[in-house]
Amino acid sequence: MAGYSGRKQAHTARLRRIEGQVRGLQRMVDDDAYCIDVLTQVSAATSALKAFSLSLLEEHLAHCVAEAARKGGPEADAKVKEASEAIARLVRS
């Protein structure tokens, strides 16, 4: 079971709102909106995706990584490495 399963509905709703923001960006471009207004909305959508990513990462650490750490062994090491790589990808973006 995924670490976010308990909040799946909330995550889906959040992603739908982000999808709406991206569709709004498409409309803005179609309507020749002012560049700065489009960039402002791009920033908002990017922030929303980053917030979603951090929430998902927090749940992964609290559930998947913590469970693997309790069990110990190579699985725990792999989960920690996997989480570190995910954090590195988020930091680079």
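## Lys-71 and its partner

In this predicted model, Lys-71 has a relative accessible area of 56% and is therefore exposed, the threshold being over 50%. Its side chain meets that of Glu-67 in a salt bridge, with an N to O distance of 3.5 Å. Glu-67 is partly exposed, because its relative accessibility is 32%. Both residues belong to helix H2; they are 4 residues apart, so about one helical turn separates them.

## Further salt bridges

The structure contains 5 salt bridges. Side chains of opposite charge can pair when their charged atoms come close. One of the bridges joins Arg-7 to Glu-59 at 2.9 Å, N to O. This pair connects distant parts of the chain, since Arg-7 lies in the segment before H1 and Glu-59 in helix H2, 52 residues apart. Arg-7 is partly exposed, with a relative accessible area of 40%, whereas Glu-59, at 13%, is buried.

Another bridge is formed by the side chains of Arg-23 and Glu-19, at 2.8 Å from N to O. Both residues are in helix H1, 4 residues apart, or about one turn of the helix. Arg-23 has a relative accessible area of 46% and is partly exposed; Glu-19 is likewise partly exposed, at 38%.

## Helix H1

Helix H1 covers residues 8-30, a total of 23 residues.

The buried residues in H1 are His-11, Ile-18, Gly-24, Leu-25 and Met-28. Their cover includes helix H2, which comprises residues 35-71. After H1 comes Asp-32, which has a positive phi, near 55°.

## Cysteines

Cys-35 is exposed, because its relative accessibility of 55% is over 50%. Cys-64, by contrast, is buried, because its value of 17% is under 20%. With a disulfide taken as a pair of cysteine sulfur atoms within 2.5 Å, the count is 0.

## Nonpolar surface patch

Tyr-34, Ile-36 and Leu-39 make up a nonpolar patch on the surface. Together these residues have about 340 Å² of accessible area. Ile-36 is located in helix H2 and is partly exposed, because its relative accessible area is 44%.

Key. Residues are numbered from 1 along each chain as its sequence is written. This is a predicted model: local features need pLDDT of at least 70, side-chain atom pairs count only at pLDDT 80 or more; totals for chains, interfaces and linings use all residues. Side-chain values use heavy atoms; hydrogens and water are left out. Helices (H or I, at least four residues) and strands (E, at least two) are DSSP runs, numbered from the N terminus. The expected span of a helix is 1.5 Å times one less than its number of residues. Buried means under 20% relative accessible area, exposed over 50%, partly exposed in between (1.4 Å probe, protein chains only). Contact means heavy atoms within 4.5 Å. Patches are made of residues with over 30% relative accessible area and no salt bridge: like charges are joined within 9 Å, nonpolar side chains (Val, Leu, Ile, Met, Phe, Trp, Tyr) within 5 Å. Accessible areas come from the Shrake-Rupley method with a 1.4 Å probe; for residues, only the protein chains shown count as cover. A salt bridge is a side-chain nitrogen of Lys or Arg within 4 Å of a carboxyl oxygen of Asp or Glu.
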